[in-house]
Amino acid sequence: MTERVLILDFGSQVTQLIARRVRESGVYCEVHPFNKVDDAWLRDFAPKAIILSGGPASVTLADTPRAAPLVFELGVPVLGICYGEQTMVAQLGGTVETGTHREFGRAFLEVVKQCRLFDGVWAPGDREQVWMSHGDRVVSLPEGFEVVGTSDGAPYAAIADEARRFYGVQFHPEVVHTPDGAKLLRNFTHEIAGCKGDWTMAAFREQAIERIREQVGDGRVICGLSGGVDSSVAAVLLHEAIGDRLTCVFVDTGLLRAGEVDEVVGLFRGHFNIPLVHVDAGELFLGKLNGVTDPEVKRKTIGATFIDVFEAEAKKVGGADFLAQGTLYPDVIESVSFAGGPSVTIKSHHNVGGLPERMNMALVEPLRELFKDEVRRLGEELGLPQRFIGRHPFPGPGLAIRIPGEVTRDRVEILQRADAIYLEEIRNAGLYDAIWQAFAVLLPVRTVGVMGDERSYDYACALRAVTSTDGMTADYYPFDHGFLGRVATRIINEVRGINRVTYDITSKPPGTIEWE
């Protein structure tokens with residue numbers, strides 16, 4: 001069985017980052033809410049180590065989150081981060097109080113004593129940058145612990161009980177603002193817990209195929225293929241597991257990027273020889289969107305229409321027992337509210353939400369244990385072309401939410417041409433992989449221009465490009481003006497219907513990445 005690290009979530013906004021850092025070092029881990037873990041579950045999970053996340057609650061108050069006592073009795077290493085350190089101290093006999101000197105943001109930790117967590121990374125006397133976010137602080141330690149690091153606002157910023165392999169840090173090693181944080185987490189999982197770090201995409205691929213075969217048996221699977229990375233990787237993995245007992249249904253909404261339909265059909269029918277039903281439903285979707293301008297109504301209209309079309313095509317295929325979808329790990333992790341209760345944040349895939357119930361099918365979700373970057377690595381392992389799996393994220397409703405106002409065939413075609421030129425220039429400049437997401441938006445305004453000594457009155461186009469690590473926050477990409485000038489000139493010269501180009505320099509927050 002694969003070695004597993006358990007991350008108990010106490011409600012931190014960055015708990016998923018802990019999991020990403022641990023997995024990046026080749027160790028499989030899972031995030032579970034602190035209040036969903038009982039003794040029987042813990043023993044069955046058999047973690048090699050346990051990490052207690054941060055959280056917004058205060059250990060000094062009654063009825064706030066605590067770890068199950070068995071966590072400290074299993075004989076495995078435990079690392080408490082921020083709130084995790086505080087609850088570990090409080091539960092083992094130390095003291096935490098509401099701090100008068102709070103620390104938020106960048107801080108500096110003074111290493112006062114060596115411990116295994118710091119081996120090869122920090123040494124006594126070092127002063128290292130870390131990222132803090134706490135109001136409460138530890139003021140006395142349980143028996144067996146000693147202080148190994150301090151900061152201005154936290155006299156017990158890092159603590160260790162080497163005999164029991166218990167460690168606590170008031171700072172957040174999982175965020176990039178703690179430059180050596182990933183190395184500390186690796187020390188915990190590899191050196192202290194003894195994990196081999198042999199969890200790879202090749203290993204996951206083999207395990208996932210076995211699980212698919214076990215779940216599906218002799219049954220048939222139908223997969224809603226959106227053309228995006230997630231559903232495409234899921235489909236190729238399923239095909240490797242069960243062959244022609246998989247049928248993919250690709251609903252062309254007429255709202256995809258230029259050339260995307262041909263690319264998807266060619267990849268699945270030609271390259272992988274996967275049974276594929278291609279439904280050209282562009283006119284249907286555009287008809288349903290006629291006169292619709294509200295963004296949320298657009299989304300719901302597209303989602304409902306997709307379900308109708310997919311269901312009709314699935315009935316034509318007939319005999320499917322399972323519905324496959326590309327659900328990812330962030331979609332199935334339950335978050336923990338401020339009060340400590342679970343608040344489920346599972347979201348349905350925009351295309352197939354509600355279908356399992358309507359069609360009386362069981363779900364197959366072969367990617368539900370993976371983060372987005374891991375899905376891309378699995379795609380590489382499965383042989384999908386790099387250009388395909390490295391594509392920027394694309395919204396489920398497609399270009400409809402990049403056309404504020406009414407969506408028409410004419411406007412879609414104008415936007416497709418402008419967007420294709422923009423992305424082509426980004427690739428030509430060698431910038432595509434440095435950008436999280438880039439796209440054009442067709443604005444619902446017309447502006448006066450002069451083209452060929454004649455007055456024009458055409459649409460304005462906005463260009464958007466952002467950098468991000470997870471899409472939760474983002475900043476605009478700082479193109480040089482020469483690049484923007486080239487793109488604007490090409491779009492205005494080559495796309496009939498646009499006479500003005502702007503660049504969106506809004507970050508997220510306060511804006512969103514998409515315009516609608």
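Predicted model: local features only at pLDDT ≥ 70, side-chain atom pairs only at ≥ 80, totals over all residues.
Local features were taken at pLDDT of at least 70 and side-chain atom pairs at pLDDT 80 or more, whereas totals for chains, interfaces and linings use all residues. Residues are numbered from 1 along each chain as its sequence is written, and side-chain values use heavy atoms, with hydrogens and water left out.

The largest nonpolar core comprises 47 residues. A nonpolar core is here a set of buried Ala, Val, Leu, Ile, Met, Phe, Trp, Tyr and Cys residues joined through side-chain atoms within 4.5 Å; buried denotes under 20% relative accessible area, exposed over 50%, and partly exposed the range in between (1.4 Å probe, protein chains only). Tyr422, Ile426 and Phe479 have the most contacts inside this core. Two or more residues each are contributed by strand S11 (246–252), helix H8 (282–288), helix H9 (295–317), helix H14 (409–428), strand S17 (437–451), strand S18 (454–467), helix H15 (481–494) and strand S20 (498–503). Helices (H or I, at least four residues) and strands (E, at least two) are DSSP runs, numbered from the N terminus. H14 supplies the largest share of the core, 8 residues. Beyond its neighbours within four places in sequence, Tyr422 is in contact (heavy atoms within 4.5 Å) with Ala438, Phe439, Ala440, Leu463, Arg464, Ala465, Phe479, Phe483, Val487 and Tyr503. A second, separate core has 44 residues, including Phe250, Val264, Phe322 and Leu370.

Strands of a sheet pair through backbone hydrogen bonds, in either the parallel or the antiparallel sense; two strands are counted as paired if DSSP finds at least two bridges between them. S17 and S18 are antiparallel and share 12 bridges, with Phe439 opposite Arg464 in S18. S18 and S20 run parallel and are joined by 5 bridges; the partner of Leu463 in S20 is Tyr503. S18 is also joined by 2 bridges to strand S19 (residues 475–476), in the antiparallel sense, and Val466 has Tyr476 in S19 as its bridge partner. S18 is mostly covered, with 10 of its 14 residues buried.

A further sheet is open and consists of 5 strands in the order S12-S11-S10-S13-S16, with parallel pairing. Strand S12 (276–280) and strand S16 (362–364) are at the edges and each has a single partner strand, so one side of each is left without a neighbour in the sheet. The twist from one strand to the next averages 25°. Strand S13 (residues 322–324) pairs with S16 in the parallel sense over 3 bridges, and Ala324 stands opposite Val364 in S16. Helix H7 (residues 260–271) packs on the sheet in contact with S10, S11 and S12, and its direction makes about 165° with that of S12. H9 likewise packs on the sheet, touching S10, S11, S12 and S13, at about 145° to the direction of S11. Axes are lines fitted to C-alpha atoms, for helices over the stretch in contact, and angles run from 0 to 180 degrees between N-to-C directions.

Gly227 is located in the loop between strand S10 (221–225) and helix H6 (229–242). Gly227 is buried, at a relative accessible area of 4%. Not counting residues up to four places away in sequence, Gly227 touches Ser232, Phe250, Val264, Phe388 and Arg391; Phe250 and Val264 also belong to the second core.

The structure holds 25 salt bridges, each defined as a side-chain nitrogen of Lys or Arg within 4 Å of a carboxyl oxygen of Asp or Glu. Asp373 and Arg20 form one of them (3.5 Å, N to O). Asp373 lies in helix H12 (residues 372–382) and Arg20 in helix H1 (residues 15–24), so this pair ties together parts 353 residues apart in sequence. Asp373 is partly exposed, at 25%, whereas Arg20 is buried, at 17%. Arg23 and Glu374 form another salt bridge (2.8 Å, N to O), which also connects H1 and H12. Arg23 is buried at 2% relative accessibility, as is Glu374 at 3%.

Arg490 in H15 and Glu425 in H14, 65 residues apart, form a salt bridge of 2.9 Å, N to O. Glu425 is buried, at 13% relative accessibility. Through shared partners, salt bridges join Glu424, Glu425, Arg490 and Glu494 into one network.
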